[in-house]
Amino acid sequence: MFVARRAAVPAGALIFMLASTASGQNTGGVFGPVVNDGHRSAQFRIAYDPDSEDFANRSHYQHSLDGRLMWRAIVQARDPGGADFQFDFVQGELFWQLTPDDSRWQRGLRFDVRLRDSDRPGTIGVNWMNQFELAPEVRARANLLTAVDIGQNGRDGVQLQFRGQLARLMGGSRQFGLELFSAIGSTSDIPGFNQQRHQLGPFFSFSPGKRLNIYTSALFGVSDSAPDTNLGIWFTAAM
């Protein structure tokens, strides 16, 4: 299916996920545009900042409609500084693969709607997805994310993010590589580099079983406003 094609968790984990995740932590991924017909999976993500001791949990369910379209539902919760887990947001997404399956440059769009509580604004977004086959075992991804606040207390302008990934594919569904996450800011007043949030670090994923995939990552801040360290682990189960 798509970028999250192999990271899911059994249905029981989905219930646990509903109760945890942190907004300060980076639970995002560098998602790809490829959609596989017949794909269904569930995913559980955990992110941790060892400096602030903040946790974030996020649960996904994704289901393809055909070989071009896939929808995904997300619930996230957070545990700031060791406090009780609290609801963060719910999000709906629609992936649309634009290019043929045999293209070496895959492209697509993802449409997002995010809802929050406590007078926090929701967002709507359109994201541009790219995946490049650089060599038989080397792949690159690039995402441009856009979001506009809706509801009360919304920010002005369009919020911009960039994400990139370079991956080396190995046998047995293993891969490793480097990822970049850049929260650039609002088009109404784009800040300087050190006021933006830029994180860079390695990742490794593998499949201990036929239907289960585990992804691990470590991100390190490369701008003053970014957290120094963000650790992540995802479990994905095909259904």
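About 60 Å³ of space lies in the largest cavity of this structure, which is a predicted model. The structure holds one cavity of 30 Å³ or more. Its lining is made up of Asn26, Thr27, Gly28, Glu179, Phe181, Tyr215, Ser217, Leu219, Asn230, Gly232 and Trp234. Strand 9, strand 11 and strand 12 are the elements that give two or more residues to this lining. By class, the lining of the largest cavity divides into four nonpolar, six polar and one charged residues.

**The largest pocket**

The largest pocket holds about 1,000 Å³ of space. Its lining comprises 44 residues, and those nearest the centre of the pocket are Arg114, Arg116, Gln161, Arg163 and Ala183. Two or more lining residues come from each of strand 3 (69–79), strand 4 (86–97), strand 5 (105–115), strand 6 (122–135), strand 7 (138–150), strand 8 (159–169), strand 9 (175–186) and strand 10 (197–206). Strand 9 gives the most to the lining of the largest pocket, namely five residues. Of the residues lining the largest pocket, 10 are nonpolar, 20 polar and 14 charged.

**Strand pairing from strand 9 to strand 12**

Which strands pair with strand 11, and in what sense? Strand 10 is joined to strand 11 (residues 212–221) in an antiparallel arrangement, and strand 11 also pairs with strand 12 (residues 229–238) in the antiparallel sense. Strand 9 and strand 10 likewise form an antiparallel pair. The table lists these pairs with their bridges.

| Strand pair | Sense | Bridges |
|---|---|---|
| Strand 9 and strand 10 | antiparallel | nine bridges |
| Strand 10 and strand 11 | antiparallel | six bridges |
| Strand 11 and strand 12 | antiparallel | nine bridges |

Phenylalanine 203 in turn stands opposite serine 217 in strand 11, and Ser217 is one of the residues that line the largest cavity. Strand 10 and strand 11 form a hairpin, with five residues between them. On the side of strand 12, threonine 236 stands opposite asparagine 213.

**The setting of glutamine 97**

Glutamine 97 belongs to strand 4, one of the elements that give two or more residues to the lining of the largest pocket. Is glutamine 97 buried or exposed? Glutamine 97 counts as buried because its relative accessibility is 1%, whereas the cut-off for a buried residue is under 20%. The side chain of glutamine 97 makes a polar contact of 2.8 Å with the side chain of aspartate 101. Leaving aside residues up to four places away in sequence, glutamine 97 touches Pro33, Val34, Val35, Gly67, Arg68, Gln106, Arg107 and Gly108.

Note on methods: Residues numbered from 1 in each chain as written. Predicted model: local features only at pLDDT ≥ 70, side-chain atom pairs only at ≥ 80, totals over all residues. Heavy atoms only, no water. 1 Å grid on protein atoms, 1.4 Å probe; cavity = no way out; pocket = protein on both sides within 12 Å on 5 of 7 lines; lining within 4 Å. Points joined across faces, edges and corners; volume = space filled by probe spheres on them. Helix = DSSP H or I, 4+ residues; strand = E, 2+ residues; numbered from the N terminus. Nonpolar A, V, L, I, M, F, W, Y, C, P; charged D, E, K, R; others polar. Pairing = 2+ DSSP bridges. Buried < 20%, exposed > 50% of the residue type's maximum accessible area, 1.4 Å probe, protein only. Polar contact = N/O pair within 3.5 Å; in protein donor to acceptor, adjacent residues only side chain to side chain. Contact = heavy atoms within 4.5 Å.
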